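User: I'm new to reading protein structures. Could you walk me through a few features, one at a time?

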Amino acid sequence: MSAVLEAPAAAPVGPGGEDDGRIAGRGLWMLLVAMAGTFLAILDSFIVNVAVPSIRADLNATFAQVELAVSGYVLVYGLLLVTGGRLGDLFGARRLFMIGTAVFTLASLAAGLAPGPVTLIAFRVAQAVGAALLYPQVLAVLQTAFTGRAKVRAFAVFGATIGLASIAGQVIGGLLIHLDLFGLGWRNVFLVNVPLGLLTLVGASRTLPGGGARGARLDLVGVGLLSGALLLLSLPLVEGHQSGWPAWTFVSLAAAAPVGVAFVAWERRLAARGGSPLVNPRLFRLRTFSAGSAIGLAFFAGNAGLFFVLTLELQTGLGYGPLTAGLTFVPLAVAFAAASLLAPRLQGRLGRHVLTLGYAVNAAGTLALLVTAWAAGPALTGWLMVPALTVIGFGEGLGVSPLTRTALSQVPAEDAGAAGGVLGTANELGMSLGVSVLGLVFFTALGSHDAAPGAYTGAFTIALVGNLALALTALALLPPLLRERA
């Protein structure tokens, strides 16, 4: 990606010539713009969830249509992340970041003005396309434009932004619907993106380093094969439970494997001929990258699965409104952000074992939440869960930014965008997998959607056993990453 970025935003150097890690001047503005893009992309994966009842009532939409407006974003976003990252490698990170931000902002405006459910679904898909174009460029900029301790701090801020955006979706969405600004109701959850998107676009044009195209062509065959494999894998995970797991979901899952094998074979063949594959096979020969991708899959499965079953417990089991339920997540978000910002200092002392600490704390917090739910039973409240949720948030905060930075540490600059897209795709697949598996456990234990509120706590407790298994899986996958020398 040397042709993409003109020059790194070098970290300031201290009096003795050492890297003091400070980010100032243009580097600081560049980081702020990149984090604004990250916030927008992650926020919209969550903010619509609390608006579902309002959207359905106002647009006279069916449950299937509203669910598609939510899941369509997640599905398309996950499908296009790798392609978006590769386009950034080929045509410039700033160019793709700005195109993605512009598409996302216009689609948000259109979604906020949508006259019916079909148009809303279409504009949500357009939002996902924009997010998939801009998000991988963030990782490419962090990887190539910062050095030394400044890079560590930049990734720490990135991790904190992910955590805040994930929770802010719940809180901001509930607050906007509660306030009903200008009488626009649910439309505000989309329209709020417009001013933020415009500011991000202006900032990107002034701060992100530019660059010309490398002259290589996009691997369209690779795009088709990878998109097909991801669609066959993701669609059943996103829609399977709502559809009752019909036969097509299992056929689709089975078909994903041969299409994935065909994609790998094509990429190897193209690389051997000296072409420009969508995902260079050499990336997976880097232990840090392949191990980091696997850990991200397990970690984000547990993260998203917990958010899903906890939301069900809070809103349906305990009867909390969207805003109250969202506020229950705040201690987790604060701990997540604090740990993300503390991670660079701990990493200076512990090295990559900061990940060991993070995933161990996450598993301990999950166990504490499981014990709390089991002991309280029908008397469980959001307040009782706050201590365990805070511990989980702290562990997760230590486990995001160091993982991303370590996974990308040996990636060549010319593959930074595609590598960021692969990591993002692994995380998205993990989220879909976690929601599907833990959702299946939850509803199987519940037995009926018309069950008494007390039954939800029992189902929530059983689902937490699966969540604990995912947390321990992420911890167990760490050794290959720890053995690799920095």
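Analyst: Let's begin with how helices get their names: a helix is a DSSP run of at least four residues, and helices are numbered from the N terminus. Keep in mind that this is a predicted model. Here, asparagine 60 sits in the loop between helix H2 (52–59) and helix H3 (63–91).

User: Okay, so how do I read a buried residue? Take asparagine 193: where is it?

Analyst: Asparagine 193 belongs to helix H8, which covers residues 193–207. Its relative accessible area is 0%, so asparagine 193 is buried.

User: Which side chain does the side chain of asparagine 193 make a polar contact with?

Analyst: To read one of these, look for a pair of N or O atoms within 3.5 Å. In this case the partner is the side chain of serine 108, at 3.2 Å.

User: Now the surface. Which residues gather in the patch of positive charge?

Analyst: When you look for positive charge, Lys and Arg are the ones that count. In this model, Arg149, Arg153, Arg345 and Arg349 gather in such a patch on the surface. Helix H6 (148–179) and helix H13 (330–350) each supply at least two residues of the patch. Take arginine 153, which is found in helix H6. With a relative accessible area of 41%, arginine 153 is partly exposed, because that label covers values between the buried and exposed cut-offs.

User: Which residues make the nonpolar surface patch?

Analyst: For a nonpolar patch, you look for side chains such as Leu and Phe that are joined within 5 Å. Here Leu175, Leu179, Leu181, Phe182 and Leu184 make a patch of about 490 Å². Phenylalanine 182 lies in the loop between H6 and helix H7 (188–191), and at 78% relative accessible area it is exposed.

How values were computed
Residues are numbered from 1 along each chain as its sequence is written. This is a predicted model: local features need pLDDT of at least 70, side-chain atom pairs count only at pLDDT 80 or more; totals for chains, interfaces and linings use all residues. Side-chain values use heavy atoms; hydrogens and water are left out. Patches are made of residues with over 30% relative accessible area and no salt bridge: like charges are joined within 9 Å, nonpolar side chains (Val, Leu, Ile, Met, Phe, Trp, Tyr) within 5 Å. Accessible areas come from the Shrake-Rupley method with a 1.4 Å probe; for residues, only the protein chains shown count as cover. A salt bridge is a side-chain nitrogen of Lys or Arg within 4 Å of a carboxyl oxygen of Asp or Glu. The place of a charge is taken as NZ of Lys, CZ of Arg, CG of Asp or CD of Glu. Buried means under 20% relative accessible area, exposed over 50%, partly exposed in between (1.4 Å probe, protein chains only). A polar contact is a pair of N or O atoms within 3.5 Å; within protein, one must be able to donate a hydrogen and the other to accept it, and residues adjacent in sequence count only if both atoms are side-chain atoms.
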